[in-house]
Amino acid sequence: MTIIVTGGAGFIGSNFIFHMLEVYPEYRIVCLDKLTYAGNLSTLEKVKDNKNFRFVKADICDRQAVYKLFEEENPDIVVNFAAESHVDRSIETPEIFLQTNIIGTAVLMDACRKYGIKRYHQVSTDEVYGDLPLDRPDLFFTENTPLHTSSPYSSSKASADLLVLSYYRTFGLPVTISRCSNNYGPYHFPEKLIPLMVINALANKPLPVYGEGLNVRDWLYVEDHCRAIDLIIHNGRVGEVYNVGGHNEMSNIDIVKIICKTLGKPESLITYVSDRKGHDLRYAIDPEKIHKELGWLPETKFADGIQRTIKWYLENENWWKPIISGEYRNYYEKMYGKRE
Ligand code: NAD
Ligand code: DAU
């Protein structure tokens, strides 16, 4: 079995590669990644010498490079994690999101059609459903919730989902889609809420909470997401969408307070800054379908996962320090410098 994992030098893709090489030591895993600001080869350090692992630097929008890799590897399965993934960046520069997230997906599926494939899996997001009101805790996203996007990021992901489903209906391409809630865990890029707050708190820097910090996200430990994708590519029904989430809803401010408490930092570091444009209020997944059909349940409780994650950042400065001392500084200044 050969699996091409795109975007495998990023947060979730790398954790998925570690999971697959451990659970299926006989599988060949080929990582295709452009190594954008979010991709980091040092993340893959521990698997780089595995004889069943290969890394290829390429852009999923580069048709020639993608076709060449398919010719060389003749993959059975493609799992597409490659994406521009940060909502705030999509508000600044939407175009690259359309290019990678939509056109890149189309190129991958064309390659799958041309060379034949057992399964194409699209890693999507709960953000395609838009948001839920804060005062209706009885409402959840199901796979039948209409797509209703808020940001250029979520719009690009929803567009890709529609394209994937059209390749199933029109060309019979054997596709599946997963729509997962917010992941957290090791190797999470420090532009995202949890690692940003951990790293700022460690440096006694302000903790920039958007708006009043009352927006709610449904947090899932990254390994649980990886297990869900593993189940879907092996046992999921083609043409189907599976929601993945942990019934673990928390407001941003509560998360930031947990981080302060764990690190022994004062809550006075918390600074309320201007809100994200179009900020989604609440995400909440109903994961009944994947539970009933594939037996998936989250295994890591948030109370354990967040401690494990914070510990990982404490013990892996050599991973994140080079990131925050490079181009990230310009990004941080641009995004937060004038934010009041
Ligand atoms: P990430 O930003 O950490 O990693 C993205 C990876 O894709 C990077 O390694 C980057 O170099 C690579 N990449 C970007 N553009 C590329 C291109 N044109 N060609 C090849 N590689 C390219 O993202 P992540 O948080 O790991 O998310 C992975 C996927 O999961 C994304 O599709 C995202 O939409 C989805 N998702 C993320 C979350 C989350 O909470 N992080 C939740 C649900 C779904
Ligand atoms: O729900 C799945 C999605 O989760 C994925 O599709 C995205 O790729 C992923 O980035 C994530 O999107 P969010 O926008 O929810 O994640 P982010 O970490 O950027 O923000 C989480 C919440 O915290 C959100 O309500 C905005 C808020 N926030 C974020 C940052 C970076 C702050 O208050 N301050 C910050 O500095």
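Reader: Is M335 buried or exposed?

Author: M335 counts as buried, at 12% relative accessibility. Buried means under 20% relative accessible area, exposed means over 50%, and partly exposed lies in between (1.4 Å probe, protein chains only). M335 lies in helix 12. Helices (H or I, at least four residues) and strands (E, at least two) are DSSP runs, numbered from the N terminus.

Reader: How far is M335 from G278?

Author: Their C-alpha atoms are separated by 16 Å, and the two residues are 57 residues apart along the chain.

Reader: What kind of model is this, and how are residues numbered?

Author: This is a predicted model, in which local features need pLDDT of at least 70 and side-chain atom pairs count only at pLDDT 80 or more, while totals for chains, interfaces and linings use all residues. Residues are numbered from 1 along each chain as its sequence is written, chains are lettered from A and ligands numbered from 1 in the order in which they are written, and side-chain values use heavy atoms, with hydrogens and water left out.

Reader: Which charged end sits over Y331?

Author: That of R89, 4.0 Å from the centre of the ring of Y331. A charge sits over a ring if NZ of Lys or CZ of Arg is within 6 Å of the ring centre and within 35 degrees of the ring normal. The charged end of K289 likewise sits over the ring of Y242, 4.9 Å from its centre.

Reader: How many aromatic pairs are found in the whole structure?

Author: A search finds 23. Rings of Phe, Tyr and Trp (its six-membered ring) pair if their centres lie within 6.5 Å; planes under 30 degrees apart count as stacked, over 60 as edge-to-face and the rest as tilted. The pair of Y67 and Y115 is edge-to-face, because the ring centres are 5.8 Å apart and the planes stand at 75°.

Reader: Where do Y67 and Y115 lie?

Author: Y67 is in helix 2 (residues 63–73) and Y115 in helix 4 (residues 94–115), so the pair ties together parts that are 48 residues apart in sequence. Y67 counts as buried at 17% relative accessibility, whereas Y115 is partly exposed, with a relative accessible area of 24%. The pair of Y328 and Y331 is tilted, because the ring centres are 6.0 Å apart and the planes stand at 35°.

Reader: Now the ligands. Which residues come nearest to ligand 1?

Author: Of the 28 residues around ligand 1, those are I12, D33, S85, Y153 and K157. A residue is near a molecule or strand if one of its heavy atoms lies within 4 Å of it. A polar side-chain atom of S85 lies 2.7 Å from an oxygen atom of ligand 1, and one of Y153 lies 2.6 Å from an oxygen atom of the ligand.

Reader: How much of ligand 1 does the protein bury?

Author: Taken alone, ligand 1 exposes 830 Å², and the protein buries 97% of that. Accessible areas come from the Shrake-Rupley method with a 1.4 Å probe; for residues, only the protein chains shown count as cover.

Reader: Which element gives the largest share of the shell around ligand 1?

Author: Strand 5 does, with three residues.

Reader: And which residues are closest to ligand 2?

Author: D126, Y153, R276, H279 and Y336 are the closest of the 25 residues that surround ligand 2. An N or O atom in the side chain of Y153 is 2.6 Å from an oxygen atom of ligand 2. For the side chain of N182 the distance to an oxygen atom of the ligand is 2.7 Å, and for that of R217 it is 2.8 Å. Ligand 2 alone exposes 690 Å², of which the protein buries 95%.

Key:
Polar contact = N/O pair within 3.5 Å; in protein donor to acceptor, adjacent residues only side chain to side chain.
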